[in-house]
Structures are given as C-alpha cells and as structure tokens.
Amino acid sequence: MEKQRFDGLGLSPEILKAVAQLGFEEATPIQSAAIPVLLAGGDLVGQSQTGSGKTAAFSIPAIEKIDPSSKAVQVLILCPTRELAEQVADEVHQLTAFKRSIHSVPIYGGASYDRQLFELKKGVQIVIGTPGRIIDHLERGTLKLDQLKVAILDEADRMLDMGFRDDIQKILDATPDERQTVFFSATLSGPIKQLISRYSRNAQTVAIERKDVAAPAIDQWFYEIPPRGKTQSLIRLVDFHGFRLGIIFCNTQRMVDELADALLAQGFSADRLHGGITQAQRTRVMNKFKNSEFEFLVATDVAARGIDVDDLEVVINYDLPHDPEDYVHRIGRTGRAGRKGMAATFVSGRDIYKIQYLEKFTHSRIRRGNIPTPSEVEGKRSEQMLEKVRALLTSGNYPDQMQFTDRLMEEGFQATEVCSALFSLLLGQGGADQPSSPQSLNLPMQLEPHEGFAKPKGGKKIPFPTGAPSNAPRPGFKPGFKPQFEKGNTSKFAKGFKKDRGPRY
Ligand code: AMP
C-alpha cells in the first residue's frame, strides 16, 4: 500500500494542523488505506499491528464525523485494557487540539466515577473506554449511546479473548443500527468474524500486507531502553563505538528537532532534516552531509529519502519505524562498499515484540545489545587514546617536543608522571583549572581520522588539521556549536575540534 500525504486525504484544516503539530509527515500504510474508506462512511475491518499508526487511522475519520454543535456522545472507542484506553485517549486528545468544541473522555475501571460523571455530564462527543466500565455507566443511565455515529472496537480479538463478548454485544445493542462500525484486530478468528457479520454491513477489510524483504548483511542490534533514557543511551553508544558518520532516524519532526538540539548541546556536530524545513535549507543540509561536513544527521524517513550517502558507519533507529519496509531502507544505508556497518534500534515498552516481527520480515537476526555503562565508555575512550598514541609513536611522525619534557624533568618530575598528566589532559580528566581539551597539546591534531571516518566522495580527503592550531575552523564547524569539554577556550578552531570529546554521561 502506498503511503499518502495527509493533505491529500480530504481532511479538515484543524486535523491537518493537529497532525502537523504531532510531527506526522505522511500517513502510514494503514492510515492511507483506512481513512478514505471511513470518511466515505463505510464499515471497516482493519488488520494491522500496534505501532502501525492504527489509532490515528480510526480516530481521524471518526473525529471528522462529529457534529460539534451537539453534546451527545457520537464516537465510542472500545479498548481491552485501561492502558490502551489511556493511550488512545491521549492520541484523540492531541488530534482534537484544534477542534475546540469537540471533547473526549476516557472511561475505564479502577478510575474514580466522579471525574467520569463530571465529564459525561458536561457533554462529550467521544468516549474511549473498557467494556466493563462502559456497561456500568450504561446501566446507571449516566452514559447514553442513542445518538452514536461511529463505534470502534480496537484490538477486538483481545477483547474477545478476555471474555468481553457479552459486554460488547450489550454495548453495540445500545447504539443506533445506522452507526458506522469499525473493527481493528490483529487476527480474524471464527468468533471475531461472527461479531463482524452480526454488527457490520459490507465491511471492507483493509489488511496491511507485507512483502518480505531481505535486509542487507550488516550487524543489527536492538536496545531496550525506557523512553526517557533514549538520548543518553544514544550518546553513550556513539561514544563507545567512536562513530563519526551516521543517520539517526526519528518518526516525527518534533522528535527530530528535540534530538538534534540535544545532540548539539552535548557537543556533537549534528544537523537535521525533516519535511517542515524549507527545500533550500534541506538541499544545503544534504550537501553538507554528503561532504561529511557534520557527523550526525537526525532525520525523518521522508526527508532522508533523497540522500544518497550510503557509506555510513551507523544507522540508529531512535524510534522504531512504523513500516518494516522503512526499517530495511533505513539500515540499508550502512555497511556498503565492504565497510562494516551497524544498525542500532531503540525499543521501549511494548515495541519489543516488534523486533521478532522485523527479524521474520527481513530474514535476519537482530541481536539484543546493552548500552555501555559510563565506565565502559570511559574505558573504551582510554583504549582508543592509547592506541592513537601508540600509532603516533610507531610512525615517528610528530614534531620534537622534548623541550617541554626536559623542562618538567628538570623541575623534578618523573617521565611517567609527565605522561600520566598528559593522558589525563587528553582524556578530559585534567584538574578544574587545567585545559581539559587536547587543543593546546597539538598531539592528536596530527592524527589521521580514525579508520571508520568516512571520506568525502571523489576521494577528496577532509583537510584534517595538522600542526599548530590555526584560526581556521575544522570543516564541519557549525556556528553555535559548543563542545562541552572546553571551558574558557574560545578559539574558533577549538570549537570545531572535537576529536577527543570529554565525557558526557
Ligand atoms: P499506534 O499503531 O496507533 O499504536 O501508533 C503508534 C505511534 O505512532 C503513536 O505514538 C502515534 O503517535 C504514532 N503515529 C501515528 N501515525 C503516525 C504518522 N503518520 N507518522 C508518524 N507517527 C505516527
């Protein structure tokens, strides 16, 4: 199924505004298929997984059907659990942000009746709830469904498995026959088919079929992370592996903006691409990325589609994509041309089971990884630094700085002490009043970019700085880019130079 733009689906300006505010760039496959059918008034059976965007697929057209001048309940969304009801209510709330006369209320067991009664009395057009509590309100006469226009059963198969069949039937029997009925279900077993045939008319089935696609042969990992810990985990992962060129995918424009800002604040050279950015600016960012002028591109799928940079070290799925085909497109940008690429996918909460699905879909293995601890990152940085110093010593390609060593030794310091102090400075562990960045030491500036550092196309090497610091910014220097490790060092060069960042975790 082709994905469509929201503005081609015949939606109201208020919904388009809400969708834009949520940062959705284009409709997911289930939304592209279901929204037109539902707007046309047909009954529908939708088969798609959680995470495919099904909530918006049934909520958006239902919201569009509401007569805002009436305070009667016009849309009912039944969910199997309180958690799902809360999630759906939250999304409905955001989708109705610009429809000021439309109100919704979640109604589920375990929550206080008082608040629910208060909301119901005020008049709400959308009720989202679990069957048991909906029945309670119907029996008390506090909820009336006689003017219902749309009944939606989310995760209908699960509701039947949980023994809600009688409740569902009672509820649907309390609604007008001419209502629109929508079933969403992962499976279509016998009992669910019976329910569909009893309560819907000529329901159209919309299933999101997947053609299996082979994933490119690259290292695929997933990391289970609580949503709040994602940015820090990302930083640790990048620092641990020493990645210098990658794309980080997010699902919404808002997330792209938040993450790009967070990375810039942490001293990364990063930029962003999403559909909310002007075409001229997008072209500029793409060209800069192609020329390796910054390290991390934070992007949505739509915006990243036109980029033909394919020799990335890493692709990070900061958000799990809604469409498995997007997963394959995303990760296929790394591991090309004999390079060893890595794809890292962050999952939170219920998303975890989708990893198995992706493995099946891509016929490949996605291994569970652990985000390195701060001390592991520190250890790795030290190892990398040691390796660089060893390589430099072996090459002999560095200017003689003996006068400094001699002076310090004349003052009574041992050579080993001098080395320890220098390593501390290199690793950003110098004392508070010491420069913690390596700029003043000259040393790593003579190093070649490490092996994984992508060279720009056409064999042109990035003129990596050599010799004494100059005032010329390193390619990739971004105005406003402030690495965290250097306090008090204001040279432009130092701002752009982040070969050895201090610890950030
Ligand atoms: P669902 O399948 O309804 O559980 O959706 C999972 C998540 O996808 C929710 O957090 C939605 O906010 C988000 N979402 C839904 N539609 C889109 C879209 N078109 N683009 C980006 N994110 C979306």
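Q: Which residue does K54 form a salt bridge with?
A: In this predicted model, K54 pairs with D154, and the closest N and O atoms are 2.8 Å apart.

Q: What does that pair tie together?
A: K54 sits in helix α3, while D154 is in the loop between β5 and α7 (156–161), so the bridge links parts that are 100 residues apart in sequence.

Q: Are those two buried or exposed?
A: Both K54 and D154 are buried.

Q: How many salt bridges are there?
A: The count comes to 20. Another of them joins K354 and D351, with the closest N and O atoms 2.5 Å apart. K354 is buried at 13% relative accessible area, and D351 is partly exposed at 24%.

Q: Which residues are joined into one network by shared partners?
A: That would be K54, D154, E155 and R158, joined by salt bridges that share partners.

Q: OK, and what about R115, which residue is its salt-bridge partner?
A: R115 bridges to E119, with the closest N and O atoms 3.4 Å apart. The two are 4 residues apart in helix α5 (residues 113–122), so about one helical turn separates them.

Q: Why does that spacing work in a helix?
A: An α-helix has 3.6 residues a turn, so residues three or four places apart point the same way.

Q: Is R115 buried or exposed?
A: R115 counts as exposed because its relative accessibility is 56%, above the 50% cut-off. E119 is buried, with a relative accessible area of 11%.

Q: Switching topic: which sheet strands does α5 touch?
A: α5 packs on the sheet against β3 and β4, and its direction makes about 150 degrees with that of β3.

Q: What's the strand order in that sheet?
A: The order is β3-β4-β2-β5-β6-β1-β7, an open sheet of 7 strands with parallel pairing. The edge strands are β3 and β7 (204–207), each pairing on one side only. On average, neighbouring strands are turned by 15 degrees against each other, direction ignored.

Q: How many bridges join β5 to β6?
A: There are 4 bridges between β5 and β6, which run parallel. Within that pairing, L153 has F183 in β6 as its bridge partner.

Q: And α3 again, which strands does that helix touch?
A: α3 packs on the sheet and touches β2, β4, β5 and β6. Its direction makes about 170 degrees with that of β6.

Q: What about the nonpolar core, which residues touch the most other members?
A: In the largest nonpolar core, which has 40 residues, those are I60, I77, I126 and I128. Elements that each supply at least two residues include α3 (54–64), β2 (75–78), β4 (126–129) and β6 (180–184).

Q: What does I77 touch?
A: Leaving out residues up to four places away in sequence, I77 touches F58, S59, V88, V92, I126, V127, I128, G129 and I152. There is also a second, separate core of 28 residues, which includes V73, I107, L153 and L160.

Q: Which residues of α6 are buried?
A: In helix α6 (residues 131–140), the buried ones are P131, R133, I134, I135 and H137. They pack against β2, β3 (104–107), α5, β4, α7 and α8 (165–173). After the helix comes G141, whose phi is positive, near 80 degrees.

Q: What's the order in the sheet that has β10 in it?
A: That open sheet of 7 strands runs β10-β11-β9-β12-β13-β8-β14, with parallel pairing. β10 (270–273) and β14 (367–368) are the edge strands.

Q: How does β10 pair with β11?
A: β10 and β11 (residues 296–299) pair in the parallel sense over 4 bridges. L273 stands opposite A299 in β11.

Q: Which strands does helix α10 touch there?
A: α10 (residues 230–241) packs on the sheet and touches β8 (219–224), β9 (246–249), β11, β12 (314–317) and β13 (342–347). Its direction makes about 160 degrees with that of β13. Helix α14 (residues 324–331) packs on the sheet too, touching β8, β9, β12 and β13.

Q: Last one: what's the mean pLDDT, and where is it below 50?
A: The mean pLDDT of the protein chain is 81, and 81% of its residues reach 70 or more. Over residues 432–500 the pLDDT is below 50, and this stretch has 137 contacts in the model beyond near neighbours in sequence. Where pLDDT is low, the predicted coordinates should not be read in detail.

Key:
Residues are numbered from 1 along each chain as its sequence is written. This is a predicted model: local features need pLDDT of at least 70, side-chain atom pairs count only at pLDDT 80 or more; totals for chains, interfaces and linings use all residues. Side-chain values use heavy atoms; hydrogens and water are left out. A nonpolar core is a set of buried Ala, Val, Leu, Ile, Met, Phe, Trp, Tyr and Cys residues joined through side-chain atoms within 4.5 Å. Buried means under 20% relative accessible area, exposed over 50%, partly exposed in between (1.4 Å probe, protein chains only). Contact means heavy atoms within 4.5 Å. Two strands pair if DSSP finds at least two bridges between them. Axes are lines fitted to C-alpha atoms, for helices over the stretch in contact, and angles run from 0 to 180 degrees between N-to-C directions. A salt bridge is a side-chain nitrogen of Lys or Arg within 4 Å of a carboxyl oxygen of Asp or Glu. pLDDT is the predictor's confidence in each residue, from 0 to 100.
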